[in-house]
Structure formats: structure tokens, C-alpha cells
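Work through the exercises below with the sequence and the model open. Try each task before reading its solution.

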Amino acid sequence: MENCTYFFVEHVVTDKQGWDKLRTSWYNIYGAEDITADKARSYPEWEGNECVLSIPTIDDKMAMALWKMRSGTSKDEFQAFIDRFVCGYANNKVFQVEHALGAKKLDARGFFSDLINAAQGRQSPGYLDAPTLWMSHHCILDREGFSALNASIADKINKTCTTPSDCQTIFPAGHKCCLALFFTGNDMVCFESTTEGVTYDDVKKAEDEFTRGMSRNYVYQMDTAKGINAFHLSEDNWSQDAMTWANATVKTAPVDSTTATMTTPVGIGASQ
């Protein structure tokens, strides 16, 4: 994989009319009959950068996006770019991605192909593995404790999972993960899928119990049918990465110790 740097953005829409107008303008461009993925990514507004995933929340007040930038792009440089890109219609909270689980199928060609299909009236299939997708943003309050929690997860995977799909059993019943992004600093996000009937309160309760007070958890229901490239999110891809990560994990103390350490997750890196 060529050298690159990844950033995750939480767009908080401040001008709904302007935001919808911006989205419509892109759909008008990419609705042209002669448009291709290569033509789509060549528009100057992208400045040579590549978005690989974009999904709004179910209330359309926010959107989450993952971007692939040139290697060495700083957080300030990306912040300036994304602020230009959205034309002031949203406040953009930027996080640099250090590592990821489940991101290997997210690429620009898939993103632009899905965007073109949506613009031409062929609605994106959205997320395919489950009826509902959520994103949980973990603002980590106890770094050592959270590291120990991750070490205990890796230990459980190594002891109880014989195939990648078994890794999903570490979560509460009915909850599965398809993407985890670890940021530089004290935050991370997880995209998780649930069965029919699971509510916001159910997911929030499960996240709070799972993280045991070591993070402040913000939960959002995602509208994958309006998203771009969400169908390349996959529980299987996360599971494969999770097993590889767990097998590579090095623990220097018992898993219930706050001094437990581990190797970093696999997947996309800050620069790779």
C-alpha cells in the first residue's frame, strides 16, 4: 500500500440548507452519463485527496467520514482542507487515525463508484451485514485502564476463538463490530451492527458496561442507505483483523492489571 495518512471527521451540520445544497451539487456533477470513478476523483475540489467512507447519522445532523491523504499530511493541513471542502456548512472535528481494524476494503474507487451510482439514481445498498449500524465514539478517560481492557479482549480472543468469526462473541449478544479506528491521543470510534429492535438506550447501556467507566461514550445511529461505500464495511474484515491483532499482542502483565501493554492494532496505519 502506498504511503498515506488517514483522518476521520465528525461533521456537525450548522447550515442544513447549505449542506443539502452542497450534496446536491455533487450529485448533479456525478449524475452525468459519461462520469467515471477516475473522472470523479480528478475534480480540483478534492485537491488530490480521497474519501473512502461517508455516512450520515439517522437524524442527518452529523456525518462521519474517513479520508486518505498524502503521507505526512498534518492534522492542521487536513483541518484546513476539510473546512474548505464543506464550504462552512459544518463544524468539522478531525482525528488522525493511528491504526484500524476492518478498514482494508475501504478505498477511493469503491467510494466514487458508489457515489456515482447514488447520483444516477441507483441507491447505495448501504450496510449489508445487519439491519442497523451504530457508531460509538469513546473519549478515553483512563488510558491505562482502557489499554488493559484491550489486552483482556486480545487475551479472550486468543484463548476462546479458533476462527475469525468467533471474535464477534466477545461482544454482548446481538452486537457485532465492523470497524474500529484508533486515534492519536485518547479517542477511538467503533462501528457496530445490531439486530432489529435494538434501541439507542440498549447500545448506550452496552457500551457503558463494556468500557466500565474508562471512557465517555457517545452513540450515534447511522443511515447507511444515505452513506457512500458503507457496503464495504464488513464484520468478517473486522474479525480477520482482530484475530491477527490479538495473535500479535504482547502482554507484559496479567490482563486485569492496569499496567498491561500490547502491540498496536493491524490495518491502516497513520502512514503506510
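**Exercise 1.** Is Phe-111 buried or exposed?

*Solution.* The model is a predicted one. Step 1: the cut-off for a buried residue is a relative accessible area under 20%. Step 2: Phe-111 has a relative accessibility of 5%. Step 3: Phe-111 therefore counts as buried.

**Exercise 2.** Which parts of the chain does the aromatic pair of Trp-46 and Phe-111 tie together?

*Solution.* Step 1: the structure holds 21 aromatic pairs. Trp-46 and Phe-111 form an aromatic pair with 6.3 Å centre to centre and 75° between the planes. Step 2: planes over 60 degrees apart count as edge-to-face, and the pair of Trp-46 and Phe-111 is edge-to-face. Step 3: Trp-46 lies in the loop between helix 2 (37-41) and strand 2 (50-56), while Phe-111 lies in helix 4 (residues 108-119), so the pair ties together parts that are 65 residues apart in sequence. Step 4: Trp-46 is buried, with a relative accessible area of 3%.

**Exercise 3.** What kind of aromatic pair do Phe-78 and Phe-81 form, and where do they lie?

*Solution.* Step 1: the ring centres of Phe-78 and Phe-81 are 6.0 Å apart, with 50° between the planes. Step 2: an angle under 30 degrees counts as stacked and one over 60 as edge-to-face, the rest as tilted; the pair of Phe-78 and Phe-81 is tilted. Step 3: both residues lie in helix 3 (residues 75-85), three residues apart, about one turn of the helix. Step 4: Phe-78 is buried at a relative accessible area of 0%, and Phe-81 is buried at 2%. Step 5: ring pairs link Phe-78 and Phe-81 into a cluster whose members also include Trp-46, Phe-111 and Phe-112.

**Exercise 4.** Which residues is Ile-170 in contact with, leaving aside its neighbours within four places in sequence?

*Solution.* Step 1: find Ile-170 in the loop between helix 5 (143-160) and strand 6 (175-183). Step 2: Ile-170 is buried, with a relative accessible area of 8%. Step 3: with those neighbours left aside, the contacts of Ile-170 are Ile-153, Lys-156, Ile-157, Phe-210 and Trp-238. Step 4: take one of these, Ile-157, which is 13 residues from Ile-170 in sequence and 7.5 Å away in space, C-alpha to C-alpha.

**Exercise 5.** How many residues apart along the chain are Asp-155 and Thr-249, and what separates their C-alpha atoms?

*Solution.* Step 1: Asp-155 is found in helix 5 and is buried, with a relative accessible area of 15%. Step 2: Asp-155 and Thr-249 are 94 residues apart along the chain, and their C-alpha atoms are separated by 8.3 Å. Step 4: Asn-247 lies in helix 7 and is exposed, with a relative accessible area of 54%.

**Exercise 6.** What is the phi of Asp-60, and what is the phi of Asn-229?

*Solution.* Step 1: most residues other than glycine have a negative phi. Step 2: phi of Asp-60 is near 65°, a positive value in a residue other than glycine. Asp-60 lies in the loop between strand 2 and strand 3 (62-70) and is buried, with a relative accessible area of 9%. Step 3: phi of Asn-229 is near 75°, also a positive value in a residue other than glycine. Asn-229 is placed in the loop between strand 8 (215-222) and helix 7 (235-248) and counts as buried at 0% relative accessibility.

**Exercise 7.** Which radius of gyration would a compact globule with 272 residues have, and what does the chain have?

*Solution.* Step 1: a compact globule with 272 residues would have a radius of gyration near 19 Å. Step 2: the chain has 19 Å, which agrees. Step 3: the C-alpha trace spans about 60 × 45 × 35 Å along its principal axes. Step 4: the chain has seven helices and eight strands, and buried residues make up 52% of its 272 residues. Step 5: among contacts between residues at least 6 apart in sequence, 78% join residues at least 24 apart.

Key: Residues numbered from 1 in each chain as written. Predicted model: local features only at pLDDT ≥ 70, side-chain atom pairs only at ≥ 80, totals over all residues. Heavy atoms only, no water. Helix = DSSP H or I, 4+ residues; strand = E, 2+ residues; numbered from the N terminus. Rg over C-alpha atoms; globule rule 2.2 N^0.38 Å. Buried < 20%, exposed > 50% of the residue type's maximum accessible area, 1.4 Å probe, protein only. Contact = heavy atoms within 4.5 Å. Phe/Tyr/Trp six-rings, centres within 6.5 Å; stacked < 30°, edge-to-face > 60°.
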